[in-house]
Amino acid sequence: MPAPGENLRIDSARLWDSLMEMAKIGPGVAGGNNRQTLTDDDAKGRALFQTWCEAAGMTMGIDKIGNMFATRAGEDPDAAPVYMGSHLDTQPTGGKYDGVLGVLGALEAVRTMNDLGIRTKHPIVVVNWTNEEGTRFAPAMLASGVFAGKHDLQWAYDRVDHDGKSFGDELKRIGWVGEEAVGARKIHALYELHIEQGPILEAEGKDIGVVTHGQGLRWIECTVTGKESHTGSTPMPMRRNAGRGLALITELVHEIAMKNQPNAVGAIGHIDVYPNSRNIIPGKVVFTIDFRSHLLEVLDGMVAEFEARAPGLCDGIGVGLEWKIVGQFNPPAFNEDCVAAVRNAAQKLGYSHMNIVSGAGHDACWINDVAPTAMIMCPCVDGLSHNEAEEISPEWAAAGTDVLLHAVLETAEVVG
């Protein structure tokens, strides 16, 4: 059978209906979703997904960390499967599309194959990775990290949420502990469709982002130590204000990131100030720097410049500085053949497209270390994500899923 032509498209209305139906589970307070991992709503979303997969003729497998693998048989039982998918868990105030589009777009691709009687040499697997968001149980991309050998399974089970509940206990409680060994599956290739979570594609007027790289990151936890004293009675020259250390390092981080454009970023997000009182000069500030780049040498260079300059800034105002790296992964370069399959699909289908670097972490970033991997991105309105106001259009969703379908069929090898 020849390769599917440019007229082969998914059922856009069916895909959109599936997205809206899943969004009814774990509704947020402002139009989005709160379907955090290993909650009762996560269990309900998983059950609906399984029902849909089985209705599409797929068989469901679940591993010991709760990853879900729905398999559509191939013509060659010995061929390694081609995977596609993402995650169904959301942020506490998340949108309806982050992760979910990748899972339900993959399901729609299989439904379209079934509608048209398309057969492939390689089996095709639709995957829902557990705990991509990492909001309830840190770190993010936890289950795909265990699958790729980055984390130990028991270590993952031992992660706890803010209420002290463990990942392992909650996975058991909601009934989604599988029998499969984590990471035992063979993967011929993996494709992940995702909303961009940034403003570039919409600003450039492009339908498709062909993701060539992911960003690596370094999280640096800093502790600036000064001296608590009264804000009203302590003379300005005698103050050892830890808050000034935070301010100086905030500007340093911004300067370093701006010097390494394009694509490098840096900011300080999490900040704890002690004692956090209106009339006490901060004696200690603990905060985390987030540096990211798709180039390893740039990423390492940003960290090195911080380490060279930050201590002097703090010494100059009489405060101490300690730091340690508390999170890191190197930037992935996605597989050239898989990236080419995405680009070929976009070109064949007539969708406008551009190369793009993923600014966020994704399960594909871990799987890229153990199997050929690529990502497809579609625009989101104003680049907004991790927010209940997150929005995409049905046309954007369909375009991304069309490209996913064609890239997967090229890799899975259509047979006559």
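1. Which residue of β2 does Thr59 stand opposite? Thr59 faces Thr71. The model is predicted: local features need pLDDT of at least 70, side-chain atom pairs count only at pLDDT 80 or more, and totals for chains, interfaces and linings use all residues. Residues are numbered from 1 along each chain as its sequence is written, and side-chain values use heavy atoms, with hydrogens and water left out.

2. Start with the strands. Helices (H or I, at least four residues) and strands (E, at least two) are DSSP runs, numbered from the N terminus. Two strands pair if DSSP finds at least two bridges between them. Strand β1 covers residues 59-62 and pairs with β2 in the antiparallel sense, over four bridges. Five residues lie between the strands of this hairpin. Gly66 in the hairpin takes a positive phi near 90°.

3. Strand β2 also has a partner in β5 (residues 124-128). That pairing is antiparallel, over five bridges. Thr71 has Val125 as its bridge partner in β5. Strand β2 spans residues 68-72 and is mostly covered, with four of its five residues buried. Buried means under 20% relative accessible area, exposed over 50%, and partly exposed in between (1.4 Å probe, protein chains only).

4. Now the annotated positions. The UniProt annotation "binding site", from an unreviewed entry, covers His87, Asp98 and His194. These residues are spread over 108 residues of sequence, yet they cluster in space, with a largest C-alpha distance of 9.7 Å. UniProt also places the feature "binding site" (unreviewed entry) at Asp98, Glu133 and His386. They are spread over 289 residues of sequence but cluster too, with a largest C-alpha distance of 9.6 Å. UniProt positions are given in the numbering used here, feature names are shortened, and annotations may be inferred rather than shown by experiment.

5. Asp98 sits in the loop between β3 (82-86) and α3 (100-116). Its relative accessible area is 4%, so Asp98 is buried. Contact means heavy atoms within 4.5 Å. Leaving aside neighbours within four places in sequence, Asp98 has contacts that include His87, Glu133, His194, Gln197, His386 and Glu390.

6. Side-chain polar contacts come next. A polar contact is a pair of N or O atoms within 3.5 Å; within protein, one must be able to donate a hydrogen and the other to accept it, and residues adjacent in sequence count only if both atoms are side-chain atoms. The side chain of Asp98 makes such contacts with the side chains of His194 at 3.0 Å, His386 at 3.2 Å, Gln197 at 3.3 Å and His87 at 3.4 Å.

7. Are His194 and His386 buried or partly exposed? His194 has a relative accessible area of 0%, so it is buried. His386 has a relative accessible area of 39%, so it is partly exposed. His194 belongs to strand β6 (residues 189-195). His386 is in the loop between β15 (373-378) and α12. Not counting residues up to four places away in sequence, His194 touches several residues, among them Ser86, His362, Met375 and Cys378. With that exclusion, His386 touches Gln91, Thr93, Asp98, Glu133 and Gln197.

8. His122 deserves a look. This residue lies in the loop between β4 (119-120) and β5. At 5% relative accessibility, His122 counts as buried. A polar atom of its side chain lies 2.7 Å from the backbone oxygen of Ala80. The side chain of His122 also has a polar contact of 3.3 Å with the side chain of Glu413. Beyond residues up to four places away in sequence, His122 touches others including Gly74, Val82, His188 and Thr411.

9. Last, the cores. In soluble globular proteins, nonpolar side chains tend to be buried together. A nonpolar core is a set of buried Ala, Val, Leu, Ile, Met, Phe, Trp, Tyr and Cys residues joined through side-chain atoms within 4.5 Å. The largest core here has 93 residues, and Met84, Leu104 and Tyr191 have the most contacts inside it. Helix α12 (residues 394-412) gives the largest share of this core, 11 residues. A second, separate core has 25 residues, including Ile220, Ala264, Phe291 and Phe306.
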